[in-house]
Amino acid sequence: MRSPGPAPHLFPTSTAGSMPKPSWLAEPEKLWSQWKPEGRDLAAAKQDALLVALAEQEHAGIDIVGDGEQTRQHFVTTFIEGLAGVDFAKRETVKIRNRYDASVPTIVGAVSRKEPVFVEDARFLRAHTASPVKWALPGPMTMADTVFDAHYPNREALAREFATILNQEARELEAAGVDIIQFDEPAFNVFFDDVRDWGIAVLERAIEGLKCQTSVHICYGYGIKANTDWKASLGSQWRQYEEIFPSIRASGVDMVSLECHNSRVPLELLELLRGKKVMVGAIDVATNTIETPEQVADTIRCALQFVDADKLYPSTNCGMAPLSRSVARAKLQALAGGAEIARQEFASGDVCAAGAGRN
Ligand SMILES: [Zn+2]
């Protein structure tokens with residue numbers, strides 16, 4: 001049995017992971033933008049940015065904090081850069097998640113971890129906060145979907161190797177004091193057969209032996225055009241989660257981080273995860289419109305019909321990297337404010353009545 005992890009009160013808030021980068025670190029309001037400082041200046045600037053991201057979360061009242069992914073350019077490739085067996089000069093264009101073309105590095109030999117990738121960053125974060133810490137890593141299936149493989153016989157074999165590497169990293173992150181390790185698996189929302197056939201088993205390889213909490217984040221992606229076009233094609237009800245929740249529920253993963261607010265996901269699908277902790281996305285990262293605390297509370301009320309109160313973790317739908325800092329800051333404040341409204345209602349017994357009649 002894993003430790004329950006510190007929870008200061010009901011509905012502890014967190015982000016999916018990334019926060020906007022300061023303009024002195026990288027071009028703002030842009031995904032995957034290039035670093036501005038170089039060499040030793042860059043290393044110091046990344047640490048400074050991590051402290052800024054931490055301060056913004058804590059100031060907004062976010063309960064479970066992260067590094068804001070300030071030390072990575074891309075949620076998958078920055079991790080892969082630290083591995084042997086990958087040739088970043090040899091690039092191929094592949095279709096990511098069956099949706100958009102991207103130029104990606106090539107797997108040219110057996111993959112292995114040359115050295116810890118994020119462990120020093122996690123130690124640095126841990127040393128600067130008393131709050132519970134969540135750390136995001138790419139999921140093995142999403143990693144395998146973000147490279148061109150010229151070495152392994154199939155995608156499963158590559159993902160399994162990635163999982164072994166992720167497990168090494170995760171064990172060291174746990175030892176560095178990380179409370180929740182999250183694996184980002186947007187690919188789970190696309191390759192349903194693979195998820196059932198080997199995706200869950202490979203994810204369980206990545207979490208093997210961990211005593212900290214483990215989470216899987218499955219979303220509909222950042223607000224880039226390829227994703228918004230895809231969302232527009234999904235019809236009035238997004239039922240992708242229905243395909244994979246039963247096998248996730250049967251898995252050893254403790255928590256599931258999901259997109260909810262402003263999506264067309266029928267929230268009753270959360271019932272399929274009953275018993276798991278659910279990070280309920282109550283902040284839309286694909287719009288600059290700031291949610292009100294009342295809207296956040298409403299998402300929590302709706303989710304409470306399908307998620308036990310002690311297992312409900314309000315969060316953002318996805319990373320906030322592409323937003324402006326002021327928008328991200330205001331959204332975090334709304335998230336914390338909405339969770340507080342829900343706490344007070346729940347304590348007074350009003351929340352079920354308030355949530356009734358909605359779906
Ligand atoms: Zn996401």
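Aspartate 184 stands opposite histidine 217 in strand E6, and that pairing is a handy way into this structure. The model is a predicted one, where local features need pLDDT of at least 70, side-chain atom pairs count only at pLDDT 80 or more, and totals for chains, interfaces and linings use all residues. Numbering of residues starts from 1 along each chain as its sequence is written. Strand and helix labels follow DSSP runs numbered from the N terminus (helices, H or I, at least four residues; strands, E, at least two).

Aspartate 184 belongs to E5 and is also the bridge partner of proline 138. On that side, five bridges join strand E3 (residues 134-138) to E5, and the two run parallel. Another five bridges join E5 to E6 (residues 213-218), again in parallel. Strands count as paired here if DSSP finds at least two bridges between them. E5 is also part of a right-handed β-α-β unit with helix H6 (residues 192-207) and E6; right-handed means that, with the strands pointing away from the viewer, the path from the first strand over the helix to the second runs clockwise.

How much of E5 (residues 180-184) is buried? Five of its five residues are, with "buried" meaning 20 or more other C-beta atoms within 10 Å of a residue's own, "exposed" 12 or fewer, and "partly exposed" in between, C-beta atoms being placed from the backbone. In a regular strand, side chains alternate between the two faces of the sheet. Both faces of E5 are covered, with Ile180, Gln182 and Asp184 on one side and Ile181 and Phe183 on the other. Helix H9 (residues 293-303) is mostly covered too, with eight of its 11 residues buried, among them Asp298, Arg301 and Cys302.

Elsewhere, three strands make an open sheet of mixed pairing, in the order E1-E2-E4. Its edge strands are E1 and E4 (148-149), each pairing on one side only. Two bridges join E2 to E4, which run parallel, and threonine 106 has phenylalanine 148 in E4 as its bridge partner.

Arginine 97, in the loop between E1 (83-96) and E2 (100-113), has a positive phi of about 50° although it is not a glycine. Asparagine 262, in the loop between strand E7 (255-258) and strand E8 (277-283), likewise has a positive phi, near 65°. Arginine 97 is partly exposed, because 18 other C-beta atoms lie within 10 Å, and asparagine 262 counts as partly exposed with 18 C-beta neighbours inside 10 Å.
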